[in-house]
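Here are some short notes to read with the structure open. Take them one at a time, and find each residue as you go.

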Amino acid sequence: MARRRRGTAARGRRVRQWGWGGAVALVLVVLFRVSVWPYLLGVAAVAAAAATVWRLWHTDRLLRDRNRLWQQEEAVKAGRRTLAEVDVMTGTEFEELVAGLCRRDGCTQVRRVGGAGDNGADVLGRLPDGRTMVVQCKRYAPSRAIPNRELRDLLGARVHFRADVAVFVTTSRFTGPSEKFAPAHDILAVHRDLLGLWNNGASLVSLGPVNGRGQGDARHRARWKKAYGG
């Protein structure tokens, strides 16, 4: 019992000491407010700046994490799409698909611009190495072939937008002359077979070395016509 009373008395003394200490500090602040006030303002300013920096850092980290998650989800979705599903997309949906594949591959400033008055461009952006690009998207029936005149339209768009790289993406194929025309004029021609590779994970940049090729030999074209007609 006596021990309990001693413990209670000790706690009481500590409380009174803290109380007196706080009162003394308050009196000192009041007496020397002219000298102390600038320091208090400085401490408050530093604390506010630190809180702001922490909030900005925290927000930036959250946005980066969300963007990384979105890119991963888009990559998974893209890998699950089949060309048959792509064939039934609208033109706008196909343009969004191409824009999404560009973002997946690290392209920046990617935006869809297709529509009335698009000046021959459907997607604009920058490749991972910083070069600007203009993309034309054509969701055509597989039996249809892309003629030279459509590639020439893309050349005009490259000049109009002052782009470094021109890319033509289609769900169909290119005619023989247009397949040769593309690499001769620095156009990356992504036909149906290359689109399938791109959609399944190959990067856009990796398609460059096979530009102007890959539509198969005579037997492949015969099978193509049997499957799709045209």
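Predicted model: local features only at pLDDT ≥ 70, side-chain atom pairs only at ≥ 80, totals over all residues.

1. Look at helix 4, residues 91-104. Helix 4 has 14 residues. Its first and last C-alpha atoms lie 20 Å apart, close to the 20 Å expected at 1.5 Å a residue. After helix 4 comes Gly 106. The phi of Gly 106 is positive, near 95 degrees.

2. Which residues of helix 4 are buried? They are Phe 94, Glu 95, Leu 97, Val 98, Ala 99, Gly 100, Leu 101 and Cys 102. Note that Glu 95 is on that list.

3. Two packed helices are described by the angle between their axes and the distance between the axes. The axes of helix 4 and helix 7 come within 11 Å and cross at roughly 55 degrees. Helix 4 is therefore oblique to helix 7. The crossing is left-handed.

4. Check the residues where these helices meet. Helix 4 brings Phe 94, Leu 97, Val 98, Leu 101, Cys 102 and Arg 104. Helix 7 brings Leu 195, Trp 198 and Asn 199. Phe 94, Leu 97, Val 98, Leu 101 and Cys 102 are also buried.

5. Turn to strand 7, residues 187-190. In a regular strand the side chains alternate between the two faces of the sheet. Ile 187 and Ala 189 are on one side of strand 7, and Leu 188 and Val 190 are on the other. All four are buried, so both faces are covered.

6. Finish with the neighbour of strand 7. Strand 5, residues 165-170, runs parallel to strand 7, and four bridges join them. Val 169 has Val 190 in strand 7 as its bridge partner.

How values were computed: Residues numbered from 1 in each chain as written. Heavy atoms only, no water. Helix = DSSP H or I, 4+ residues; strand = E, 2+ residues; numbered from the N terminus. Expected span 1.5 Å × (residues − 1). Buried < 20%, exposed > 50% of the residue type's maximum accessible area, 1.4 Å probe, protein only. Pairing = 2+ DSSP bridges. Axes fitted to C-alpha atoms, helices over the stretch in contact; angles between N-to-C directions. Parallel < 35°, antiparallel > 145°, perpendicular 65-115°, else oblique. Left-handed = near helix turned anticlockwise from the far one by under 90°. Contact = heavy atoms within 4.5 Å.
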